[in-house]
Protein chains: 4
Amino acid sequence: MYSFSNDYSEGAHPIILERLSSTNMDQTDVYGDDSYSAHAAELIRAACGREDAEVHFFLGGTQANFTIICAALRSYQGVYSSSLGHINTHEAGAIEHTGHKVLALSATAGKLTAAQIEESHLLYLNDPKREHWVQPKMVYVSHPTEVGTLYSRRELTELADVCRKYGLYLYLDGARLGYALASPGSDLTLKDIAQLCDAFYIGGTKCGALIGEAAVLLTPELKTDFHTIMKQNGAVLAKSRLLGLQFEALFTDNLYEKICRHGIDMAMCLKEGFAAKGLAVVAESFTNQQFPILPENMYRSLLPMYAMGSWEVYSNGTRAVRFCTSWATSEEQVGKLIRDIKSF
Amino acid sequence: MYSFSNDYSEGAHPIILERLSSTNMDQTDVYGDDSYSAHAAELIRAACGREDAEVHFFLGGTQANFTIICAALRSYQGVYSSSLGHINTHEAGAIEHTGHKVLALSATAGKLTAAQIEESHLLYLNDPKREHWVQPKMVYVSHPTEVGTLYSRRELTELADVCRKYGLYLYLDGARLGYALASPGSDLTLKDIAQLCDAFYIGGTKCGALIGEAAVLLTPELKTDFHTIMKQNGAVLAKSRLLGLQFEALFTDNLYEKICRHGIDMAMCLKEGFAAKGLAVVAESFTNQQFPILPENMYRSLLPMYAMGSWEVYSNGTRAVRFCTSWATSEEQVGKLIRDIKSF
Amino acid sequence: MYSFSNDYSEGAHPIILERLSSTNMDQTDVYGDDSYSAHAAELIRAACGREDAEVHFFLGGTQANFTIICAALRSYQGVYSSSLGHINTHEAGAIEHTGHKVLALSATAGKLTAAQIEESHLLYLNDPKREHWVQPKMVYVSHPTEVGTLYSRRELTELADVCRKYGLYLYLDGARLGYALASPGSDLTLKDIAQLCDAFYIGGTKCGALIGEAAVLLTPELKTDFHTIMKQNGAVLAKSRLLGLQFEALFTDNLYEKICRHGIDMAMCLKEGFAAKGLAVVAESFTNQQFPILPENMYRSLLPMYAMGSWEVYSNGTRAVRFCTSWATSEEQVGKLIRDIKSF
Amino acid sequence: MYSFSNDYSEGAHPIILERLSSTNMDQTDVYGDDSYSAHAAELIRAACGREDAEVHFFLGGTQANFTIICAALRSYQGVYSSSLGHINTHEAGAIEHTGHKVLALSATAGKLTAAQIEESHLLYLNDPKREHWVQPKMVYVSHPTEVGTLYSRRELTELADVCRKYGLYLYLDGARLGYALASPGSDLTLKDIAQLCDAFYIGGTKCGALIGEAAVLLTPELKTDFHTIMKQNGAVLAKSRLLGLQFEALFTDNLYEKICRHGIDMAMCLKEGFAAKGLAVVAESFTNQQFPILPENMYRSLLPMYAMGSWEVYSNGTRAVRFCTSWATSEEQVGKLIRDIKSF
C-alpha cells in the first residue's frame, strides 16, 4: 500500500534531519533570537531580492494565515478569497475567530482575477450604505491554488495593480510554493512574488521540512510589533532553532526548489500517464497535485494499492481523485501506478 | 560561556532524535490520526491512570493554554490565576485575545490557595450586581510555579475541592511538569494530578522534547469537538507524527521522569552550593529553577562565564538571579559554577 | 417632499410617547429590574403562548442578532443565513466580530428552504475532513425577509423540523415582525413562531417604538446567564424602563399588530397602484416593503417629491425601487403617489 | 420610600421629553445622518472649543467604552485603568470580549496618577522580554471617579503629559461628567478636557437624558471609519434623532451643566448633613455621589424610608453607603433625610 494522499506523509528531507542531529546539543538563544533563524532569514531575504523584508517562522499554514491576516486588518475589515480558498474552507473558521469576515468570491480554475476584485470592490465603494458593510482590505490568493493551478506573472501583476489602486493588501499563501517555483507551468519567480505581494509565506511542511512555514512581510505597516502578535497567537517557539535550522538548510544550495522539482517530475509522469489513458481532469495542473477523473471501477481497483484523495463524486459514475506527489515520492511507485492505470 | 538561562537551549533528548530519524521515511496518517500519536496517547492515559482521558498534542504552552481555556469558557467567563501566572504575564494577552479576563490574585510563594479562591469567589457570588461582573469559571495553576515552587498533594486537593464546590474548572499548566514529578520536594504524582484536575498539560519542550506539549482532558464537557477547536487555533499539525513520536518515546521506559531527574539532581547541587555560600533565595525551590540572591559584584564576575536570568534588582546592591537546569545540563559546568561561587 | 425611504423616519407611536411622559418622574428599578419591563415580558410571554419564554430587551437589531448568536454558538460554530441576510450584509461584520462565520446560502425570493439546509448540512456531515470546517449550528431567517417576502407556516415548520433533526438552532430576525403578523399574505402567527423557533426577536424600532427590540428565548440552554452576556455586549440599559414601557404599551390592547396593520394597508394600496400601472416587481410582497421596477424617467420624475430607496439599476433602463410604509405613513401621501404614478 | 440609589431612577429632564414630543412626527434622516444629530455635534464641538472634534452618540457607557477602546487598540495592546475602573469591574469583561487586557493599577482616592503610569510603563519598557507582554497603549480614567472624586486640572495635565511622552492615548469616561463640571470641587473645564484627552464621552443617561452618551474623538487616528466600527458593535441607531435631539437640548442654553448643578447642590446639602452628624466618609467627594460611613443601626433605621447603595461592610459595625443625587432629586426628600439623620 502506497500513499499519494498528500505531500506530508513522510518526515523531513534527510539533509534537514541531519542538521537537527549535528547541532542538537549546541546551546542557542531562544524565541526567535537564535543565530540559525537569523541566518535563515538572511538567506530568504536574499532569495527574495528584498533586503527590507521581515522574515518570521510559523508552525503551520493556518497559524500563519490567521496571524498575518489579523495583524493586517482592523476589526471591521475583511479579506477577499476564492470560495475554495483554504481560509474559507479548511481552517475551522480561524479567520472569523480573529474577528474578520472572509469575503468569498467564485473561483475560476481555483483563481481570483483582477477584474473580479475590481468589480466586487466597486460594488462596495459605490454602495451608499457601505458604512454598514465589512470593509474589504486584503486579497488572499493561494499559489499553487487548492486545485493545483498557478497564477501567471501577468495575472499576479494585475492583481497587485488592482490592490494598489484600491489600497488593498495582497497576501499569498504559499503552502506549496516550492512546487509552484519548480513547475514547468510557472513563469512567476520568488523575486516576482516578493515584489508584487505585501506579505506571503513560503511553505515548509509540504516542501521537505519537518514542520514550519516562513512568512515574508514586505509592507512596513505589517511589520509593527509582529513578534508580539505572533506570541499572542501561540506562534512563537521557545526552541526557535528548530525552524531556523530547517529553513537555513532549505535555502542553502537551492535545496528548496531542488527537492520540490522531484515532486513536480513525479507529478508530470502521472499527468502524462492519465492523459495517455484518456482521462479528463478537474483542472489542468502543472503542480504536484493532479486531479484526474476516474471511472468508478478503476478507482475501486486502485484503492487497495494506493491511498489517494476522493475529491468529488459525479452522477455519471466517475469520480475526481487527488494524487499528490512530493519531494519524497517513490519513483518506483509512480511507475507502478501508471502501469496499473494503463493496463486497466 | 555556558548557559543556565533556561531549560530549552538545546535540541531534543538523543533518544527522541533517533526515533525521528529511524521512522523518517515511513508514510503515516496526518492531522492527529497517525499511529504514533495514538500510541503516545495510550501510554499517557496509562501513566495517568485515566482510561477516559482525551490526549491532544500542542506545539507550545501558550497555544495549549489559550486553546484549552477558550474551549472551556463561555464569552463572559474568566479564569483565576496568580498575578505571576504565565497567562497573566508572558503570553502577550493571548487569553484576552480569545475574549476572556484573567482574574489575577496575589501569589504566595508563587501559589494560589484554596482559601484565597473561596474568599474571592464568595465576593463574586455575594455581590448583588454580580451579573455585571465577569463570571469566574476556572482556576489556573502552574506546577511547578513560575518561581519554581510546588503544590503539595494536600494543597492541590484543597484547590480541587473548592473548585468542585463552586463549579469551577481546575486547570494545571505543566510546562515543567517533569521536574515537579522528579523533585524530592513533591508528593504529588501524575495520577494524583489526573484525578484532581479537569485538564492539564504535560510539558515536552522544557523536558526533553524538540517541541510539543501533551494536553490531558478529563472532564467530559471539555472534550466536545476539541480537535476542531485546536484546528481553529492553529494547533493541528499536518505531520502530527512529529508530536506523537516524541511523546511515545518520553512515555516509554519512564524516559520523561528519568531525564528530568537529571535536571533536578543538577539543580539540587546548585541549591546546596548556594546555601553553602550563605546566599538567600527568592523562594525555596526543589525544582530545576533556582533563584539565589547574589551580591552585585558576584553577579558581575559570573556574567562572562555563565548566562543566567536577571530576575530582580534590589536597592541594597543585591540581585535575584534565575539558574535553570534541565535534562541537558552539563555536570561539569555545574561543578565549575559551584566552585566559582565558593571561591568568590 | 415625503419619504417612503424606510419605516423609521418618524419618532414613536403617540401612545408610547404619552406613556413615557406620564411616568417620567416615577422612580423605578434599573438594569432590567423595573416593573414595566417585568410586565412587558409577561405580556409578550402571553402573546407567544409560552410561559417558559425568557424575554430580554435590546436597543437595536444588530445588537440583538450578534448577542443572541454569540450566546448560542461555541467558538468554532457558524450560522446559516441567506446571502441577502442582514447579518451577512449590513451589520459591518458584527457576527464575525464575535468570532463566528456566517455560512451564506443562496436565497430564493429572499428565503432559505428546509431542503437547502438539509443538503448543505449533509455536505458538512459527510465530509471526511469536517473537523477542519466550521461546524454549522444555527439557521438564521428574517421574517419578513430583506425583500419583503414571508415564510408560510409550512415553510417555517419544515425549517424547524430539519433544525431539530440535525441539532441546529432556529433563530428568526423579526425586525419587521409586526408587518408580517398584520399581513394578509401570512398564515404564521406569533404563537407559531414561538413554537417553532429556539429564539427570535420582535422588532420595535420599525414597528412604532422609539427604540428597542424584544428578544424571546425559548430553548433552555440559550437562557443561561443571558443578562451577563447582554451586559458584556453593551445591551443592558441603565434606564431599562424606557424599553419596558414601550413594549408594555405595544402589547396592551394589541397595539403592536394594530398599528402595523395601517402600514400594511398603505403598502397594499401602493401594491395595487403599481399593478394597475402594469409595473413588474422584484418579488411579490405582502408586507410593508414594496419593490416595483420603474422606468428610469418615472423614477426621475418622482424623485423631487418622494424619497425612496434605489434598490438595483438594470441595463434595460429600469430600476427597482423600495417603497416602505409604516404605522406612521400618511394616507394622503400614499394617495398622491398613486395618482402621480397613474398619471405618468 | 424615596430612592437615593442612583442617578438614573427617573426618566428624562422635561425639556428633553418635550422636544421628543414636539418633533415626533417629523421625518428625519437616519443612522446618524439626521439634522438634530448634526446640530448637537456642532453645539458640542463649540462647547469643547474643538472644531476638529468628531462627535458620535452612543446608547450607553459600556458600549461607548468598549467601542472606543477597541477602535484605538491593536490586538496585543492593553489599557491602564484603576482597579476600581468601571471597565475593570462592572462591564462583564466587555473590554476583554473585544480582545484587550485591562491593566489594572491600584487607585488612590479612586484616581490614577501620572507618576504611577510612568512607573508602570517603565517597568514594561525596560523588561527585556517585553515582546511577550501586553503592550500598554491607553490610559483610562473616570471623571468623576467611581468613588465620586475629581481630577484637578493639574492632575489631568500631568496624566496627559505622561501619555504624550510615551505614546499612550488618554481616554476619559465621563458617565457623570455633568456633575464634575458643576462641582465646586473642580477646576477642570470641558474645554480643558477636550485639550488634554484623545477621546472622552459626555454622559447623558446619568445627567438628564433618557438614554445616550456623546463621544468626542480628538486624535485623528481614532476617527478613521469610526461609524463602521460603531455599526459592528451595535451602536448605530436607526432613529438617531433620538440621541441627537437630546444632546441638542442638553447643549442649548447650558442646560447640561445647569440641571447637573441641582444634583450637586443636593449632594452638598447631604455632605454637610453627614458632616454635622460627625460621620466619616470613604473619600472626600464634591460630586453627586456621597459615601458616608454609617453605624449599622442608623443604616437599618433609614432602610425602610430610603433606598441607597450598600458599598462596604466593616468589621467594626459600620457600613459605607452610597447616596446618589441627580438633576431629578427632590429637595424635600433631601431635607427629610438630613433631619432623620440628625435626629437619630
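**Exercises: a sheet in chain B and the A–D interface**

Strand E3 (residues 77–82) of chain B runs parallel to E4(B), and the two pair over 4 bridges. Pairing here takes at least two DSSP bridges, and strands are DSSP E runs of at least two residues, helices H or I runs of at least four, both numbered from the N terminus. The model is predicted, with local features needing pLDDT of at least 70 and side-chain atom pairs pLDDT 80 or more, while totals for chains, interfaces and linings use all residues. Residues count from 1 along each chain, and chains are lettered from A as written.

**Exercise 1.** Work out the strand order of the sheet in chain B and find its edges.

*Solution.*
- Start with the order: E2-E8-E7-E6-E5-E3-E4, an open sheet of 7 strands with mixed pairing.
- Now the edges: E2 (54–58) and E4 (102–105) of chain B each pair on one side only.
- For one bridge in E4(B), take Ser82(B), whose partner is Leu105(B).

**Exercise 2.** Describe the interface of chain A and chain D.

*Solution.*
- Get the area: about 1800 Å² is buried, 48% of it on carbon and sulfur atoms (accessible area lost on being put together, 1.4 Å probe, summed over both parts).
- Count residues: chain A and chain D give 20 residues each to the contact (heavy atoms within 4.5 Å).
- Look for salt bridges: the rule finds 0 (Lys or Arg side-chain nitrogen within 4 Å of an Asp or Glu carboxyl oxygen).
- Finish with chain A's elements: helix H3 (61–72) and helix H10 (226–232) give two or more residues each, and H10(A) gives the most, with 5 residues.

Key: Side-chain values use heavy atoms; hydrogens and water are left out. Buried area is the accessible area (1.4 Å probe) that two parts lose on being put together, summed over both.
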